Amino acid sequence: MGTQVAELARRSIKRTLRQPAQVVPTITFPLFLLAINAGGLDAATNLPGFPTDSYLTFALAVTFIQSGIFAVLNGGADLARDIETGFLDRLALTPMSGLALVAGQLAGVIALGLINALVYLLVGLAAGAGFAAGLSGALVLLALAVLITFAFGCIGVFAAFKFGDGEAVQGLFPVLFVFLFLSSMALPRPLIEQDWFRTIATLNPVSYLIEGIRSLYIDGFDGEALALAFGNAAVIAVIFLLLAVTGLRGRLVRT
Amino acid sequence: MSHEHPASIEIEGLVKEFKKGPRAVDGIDLRVDPGEIYGFLGPNGAGKSTTVLMLTTLLPPDEGTARVAGYEVRRDGARVRENIGAALQEAALDPFLTAREHMRLQTALHGLPKAERRKRGDSLIERVGLGDAADRKVGGYSGGMKRRLDLALALVHGPRILFLDEPTTGLDIQSRTALWEEVAHLARDEGVTVFLTTQYLEEADALANRVGIIDHGRIVAEGTPESLKAEIGEPSVEAVPSDPERRGDVARVLERFGSGDGECPHAIDQSIAVRLKGGDASLVDVVRALDREGIEVAHLQLHAPTLDDVFLAKTGRTLEGSGQSDAQAPAPADPREPAASGAATA
């Protein structure tokens, strides 16, 4: 099992890093949106109760979630392609374990998520963003980013097994962006004026992922925010990992 | 019928029926002996790939039994897979990996000892003539190179039985010939049993020790290519009149030399063809008769019976054209997906 996971992970990482179309947008697109938001919404920092005077520092957390959304596409689309091309059948004819396939598949997603997280962290610091949690906080940030990427990657793997179709996986992209926009990405929840929006943002687990990362940038170590972020990411990961394994049983049919 | 040796593949009453569709495989019986190349010939939609998927444990049969390498496919799937290699309909490769990386993955997943993996992979890559391209990404390979790598990957664990599902579809003649040689070598020199599906008559004719012809999920004929052609017996003559307006006259003349089993001369593009009841010798009489009628002929050819003639005799259709008629019934891309309606794909 260990060898199988290692070899499938190796393949997944190589395949991911050999596709510039998968790597480059996941780094540049969130940074591009960050630049626009940091420039255009800086006046929001003047709102009473806004937690920082730098919108760049405030908005940096969103890049990590956008990276997670790309993880859905990358992990899911690659697996869907394996199903469509029959590569999964090739693997099914070996003594490969289904769990090794899922774990290996997610390795490439996690590797890319880690690279992205390092880039966002360094770009943010280079652009003058504050980072209240210090060096140990940076390690916590990377761990949380990896967990978020893993959780979103599980959504992609589940979708690939469920639909077996790359286009269906791509179709999740706008849906997940709706979750992002209906979160506390642009403003802290207490400052959202519309009740319905604030309610949705409060119910939306993406808000807690963002707020956990944001707390490391702005507040240092906020135990509650971090617990909610790690907890929500873990719940998403567990739910979709279980769904993915169930989907795997239907897709990896062997007598 | 008793057999001295246990069969490599033994099927009785195998059935697969898809939701809302006809029986893709409708009660197949067959036996393939060790070291034999068995050609499974049929048009698109006949049930070839569905049969292969069941025999390779990737699709559970609905009825019947199938034993591969002595193991029942439904009960002993893992043991079946240990003994088989398969190159399925499309060369299923990762375009972003090299041939050597494919080998590394495949040897590891098959559980070869670490020390043997590289050696085994390299030797198979050399064997299929991809040594110079071993470190190039597969996305840049030609169709023939992909098929050769596909075959090499199927051989990683030294299988006793090899399933090849339309291995040369879309290949140029050189690539096709190279693959035929490799398959023949595997059976002849290494005793590997090969179950080969194809829609190419010449492929079955050139490679297979025995051929099973499948149509609409049923085997309609089985035997050696020679015995099947001998069943048909007479050769056919094909004539193309210089003046296309006189095709009717040609048909009337040829009808007199027809085999008399109710078969009329039939048109193929510009030509008229009929099976000769008098065999090769009556060709001279055909020429004289056409001359007497004053019909100038642009092309006249005698054809020995082919497997297409066998298919025509058994199904009333030519193999070349029957894929198109099947195409009118929508078929799922993957036989394991439920068909919307119509036949499952082969």
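Modeller: Gladly. Let's begin with pairing: two strands count as paired if DSSP finds at least two bridges between them. Keep in mind throughout that this is a predicted model.

Colleague: Then which residue is the bridge partner of Arg67(B) in β5(B)?

Modeller: That partner is Glu72(B). Strand β4 (residues 63-68) of chain B runs antiparallel to β5(B), and two bridges join them.

Colleague: What is the strand order in the open sheet of four strands?

Modeller: Read across chain B, the order is β2-β1-β4-β5, with antiparallel pairing. At the edges are β2 (23-32) and β5 (71-72) of chain B; each has a single partner strand, so one side of each lacks a neighbour in the sheet. Helix α1 (residues 48-55) of chain B lies across β1 (9-17), β2 and β4 of chain B, at about 115° to β1(B).

Colleague: And how do I read the open sheet of six strands: what is its order, and what is its pairing?

Modeller: In chain B the order is β6-β7-β8-β3-β9-β10, and the pairing is mixed. Its edge strands are β6 and β10 (218-223) of chain B, each pairing on one side only. Ignoring direction, neighbouring strands in this sheet are turned by 15° against each other on average.

Colleague: In which sense do β3 and β9 of chain B pair?

Modeller: Strand β3 (residues 37-41) and strand β9 (residues 210-215) of chain B are parallel, over four bridges. Within that pair, Tyr38(B) stands opposite Arg210(B) in β9(B).

Colleague: Which helices pack on this sheet?

Modeller: One of them is α5(B), which touches β6 and β7 (161-165) of chain B, with its direction at about 165° to that of β6(B). Helix α11 (residues 307-315) of chain B also packs there, touching β3, β9 and β10 of chain B, and its direction makes about 40° with that of β9(B).

Colleague: Now the two chains. How many residues of each are in contact?

Modeller: 34 residues of chain B contact 26 residues of chain A. Together the chains bury about 2700 Å², 57% of it on carbon and sulfur atoms.

Colleague: How many salt bridges are there between chain B and chain A?

Modeller: There are six. One example is Asp94(B) with Arg11(A), whose closest N and O atoms are 2.8 Å apart. Elements giving two or more residues to chain B's side are α2 (77-83), β6 (84-87), α3 (99-109) and α5 (143-154) of chain B. The largest share, seven residues, comes from α3(B). By class, chain B's side has 16 nonpolar, seven polar and eleven charged residues.

Note on methods. Residues numbered from 1 in each chain as written. Chains lettered and ligands numbered in written order. Predicted model: local features only at pLDDT ≥ 70, side-chain atom pairs only at ≥ 80, totals over all residues. Heavy atoms only, no water. Contact = heavy atoms within 4.5 Å. Buried area = accessible area lost by both parts, 1.4 Å probe. Salt bridge = Lys/Arg side-chain N within 4 Å of Asp/Glu carboxyl O. Nonpolar A, V, L, I, M, F, W, Y, C, P; charged D, E, K, R; others polar. Axes fitted to C-alpha atoms, helices over the stretch in contact; angles between N-to-C directions.
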